Amino acid sequence: MFIEFFYTLRERGLPVSPTSFLRLQKALSLGMIQSVDDFYTTARAILVKSERYFDMYDQVFAQFFRGVALKAPDEIELTEIVKALLEEWLKNPEQIAEALGLDASELKKMTPEELIQYFLDRLKDQTEAHHGGNRWIGTGGTSPVGHSGYHPGGMRVGGQSRNKSAVKVAMERRYKDYSQEGPLTEVQMSEALKRLRRMIPSGPKDIVNVDKTIYETMRNAGEIEIIFDRRLSDRLKIILMIDNGGWSMDPYVEVVQTLFHYARSQFKDLKIYYFHNTIYSRVWQDAERRYKPEPIDDFIRKDPEARLIMVGDASMAPYELIHTNGSIYIDEVEVGTGIERLKFLAKTFRHAVWLNPQREDEWRHTFTVGMIWRVFPMFELTLDGLEKAVQHLMARH
Amino acid sequence: MTKDNNSFRGGSKYILDDELAKVVNVSIALEMPLLLKGEPGTGKTMLAHAIAESLKMPLIVLNVKSSMKLVDALYQYDTLTRLNDSRFGDSKRDVSNIEEYIRMGKIGQAFVSDLRTVLLIDEIDKADSDFQDDMLDVLDQMQFDIIEIDKTITARNRPVIVITSNAKKDLSDPFLGRCNFHHIAFPDTGTMRLIVDVHFPNLGRDLSEACIEAFYRLRDFKGIEKKPATRELINWIRALKTDPEMHIKSLSRGNAPYLGILFKKSADLAAATQQSARMR
């Protein structure tokens, strides 16, 4: 019964580890769980580690404990879980030992076969112990749904839960909102970008350097000599280049704006430039791309340690990238191709990434994305993508 | 559920929901840390205070900072005082005994305490993932070494550990594997009524109803990044109470003063002011 539940959870993509499953068994054997309600809450606390999966858990739970009879696990399932258990055991014997209630040294003496046997025996205990527990599921009848149906619109949270069975609660799917990936907010951005910093000593010398103080004091024959250091502070330079032209970027304006606002408030040394589709001979400091141009060639004089972040969908007509004079603007007389400009930038700044607001699986549909991808490491403009990008930016190359 | 004195049933100023009570009790029984997530202001930190109060255990709070190293949370070796003592020798401490210069950090205090304690590790998401994983190692084994004096500190009593996180993103897998997890949902109106009653026992029924109703209406405003939470509601009611010109009727008519208490971001406040003006 529980094993099936465990596997259904796994099948639905919930990352449930065998260790946590064993822990649930332990909670059962401690007598902590006496009703389906208890089981619902406890199993969730032990098995599910993120509110994003709560909704999925609710669905599986509702489907599973709705008037189903207890059934002994069959052979195949058992071998499966034993396999998973063994894998876990190899990785982390102590945890398994603890979960099984064994001493780690005892466990080490066991052969894998013995371990499996021990586990199976225990499991049999478990099902038998709860066979009185055919009623375990639903004290007032086979279906736990029935026994508390008198308060249909009642509340779950806040001590009024007794009016409702766990299955019903599960069926309400209270956590639906958490399962969806919302748009990237500034808070989330700050989480992802938090590690983007470079600490350099600056400001007044007001931090005691203990090691040096002791060393200098000893050199001074015990006369105390306190050595102060400068405080470390963030001196990371960031160059942010945003593609703000063309209809292809329109759907992403909001998320790019959030990034922009966050960057503006957070990074002390930040330069923002704008371009359209790709970079030709210059970029602009003003969003209209008209008044304050800056030649790309000048970027060679900037600090090569600065982090360059390009934001754009990297989608354009291929000729814009490959042709000399590829620019779609008549007044730009170009020397060199767009892709060469990009390569120049990538070479000037060792730490550079390209953030693409398009989803990664859409990238290969556009020819130019692939080309730019080969020049800049490209990441999705999502939480995960940002995190990877930051990792890349902070790595020592 | 065990109904002895060791099970947790809520504090005097804390409305405990049933689910959470179960999770807390299971975590105590399984001796596992409990990881709490939820919107800011839904009482994650308050829970630890409530547990400590109800189980009559001392509470030790470790406020995690981004620059924190694990060893800071365990113990500190006060080298400067020792240096000073060795130079001037006017203290009662024995300079040759390093142990006198070791001070316990918050986790260390929880370990050496004679009583069983509640250890609250607040806002774990601020620290980097190495800190988180290493800390869980220490909490798992319930012991750590003080290298300077080559001594192992083992927990006398296993503390009840509550960890809170504000992060939207998940913590690392090994970390999660060792914790029980609960997400505190935003309370519904019924629970909120109880919470308000606990905090303002003398507040009239009509006024508290009007406040709560207005609050949930304000919470539903569109385009708000940081929605007001329980904490903001409590502060708001406190402000309303001090205002002699406040009338229940005007509140239920959609006239909500002191929006700045509820909406903390300037963009949010602007949006809320605009929308509440339109409602009137």
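Residues are numbered from 1 along each chain as its sequence is written, and chains are lettered from A and ligands numbered from 1 in the order in which they are written. Because the model is predicted, local features need pLDDT of at least 70 and side-chain atom pairs count only at pLDDT 80 or more, whereas totals for chains, interfaces and linings use all residues.

Chain A holds 17 helices and nine strands, and chain B holds 13 helices and nine strands; helices (H or I, at least four residues) and strands (E, at least two) are DSSP runs, numbered from the N terminus. A residue is called buried if 20 or more other C-beta atoms lie within 10 Å of its own, exposed if 12 or fewer do, and partly exposed in between, with C-beta atoms placed from the backbone. By this criterion, 32% of the 397 residues of chain A are buried, and in chain B buried residues make up 34% of the 280 residues. Two residues are taken to be in contact if their C-beta atoms, placed from the backbone, lie within 7 Å. Among contacts with a separation of 6 or more, residues 24 or more positions apart account for 67% in chain A and for 76% in chain B.

In chain B, five strands form an open sheet in the order 2-5-8-1-9, with parallel pairing, where two strands pair if DSSP finds at least two bridges between them. The edges of this sheet are strand 2 (59-63) and strand 9 (180-184) of chain B, each of which pairs on one side only. Neighbouring strands are turned against each other by 20 degrees on average, direction ignored, the axes being lines fitted to C-alpha atoms, for helices over the stretch in contact, and angles running from 0 to 180 degrees between N-to-C directions. Within the sheet, strand 1 (residues 34-38) and strand 8 (residues 160-165) of chain B pair in the parallel sense over four bridges, and B:L35 stands opposite B:I163 in strand 8 of chain B.

Of its 78 residues, B:L34, B:I51, B:L119, B:V162 and B:I163 touch the most other members, while the largest share, seven residues, comes from helix 3 (residues 36-47) of chain A. Apart from this core lies another, of 42 residues, among them A:L240, A:Y280, A:V369 and A:F376.

Helix 9 (residues 205-219) of chain B has 15 residues and reaches 21 Å from its first C-alpha to its last, close to the 21 Å expected at 1.5 Å a residue, where the expected span is 1.5 Å times one less than the number of residues. In this helix, B:A210, B:C211, B:A214, B:F215 and B:L218 are buried. Seen down the axis of helix 9 of chain B, these buried residues fall within an arc of 130 degrees, so they line one face of the helix; the arc is that of the directions from the helix axis to the C-beta atoms. On the other side of helix 9, B:R205 and B:D206 are exposed. B:L251, placed in helix 11 (residues 248-252) of chain B, is buried, with 20 other C-beta atoms within 10 Å. Its contacts, leaving aside neighbours within four places in sequence, are with B:A210, B:C211, B:A214 and B:A256.

Elsewhere in chain B, strand 6 (residues 143-146) and strand 7 (residues 151-154) run antiparallel and are joined by four bridges, with B:Q143 opposite B:T154. Their hairpin has four residues between the strands, and in this hairpin B:D150 takes a positive phi near 55 degrees. A positive phi of about 60 degrees is found at B:M142, although this residue is not a glycine; B:M142 lies in the loop between helix 6 (129-141) and strand 6 of chain B and is partly exposed, with 16 other C-beta atoms within 10 Å.

How values were computed: Core = buried A, V, L, I, M, F, W, Y, C linked by C-beta atoms within 7 Å.
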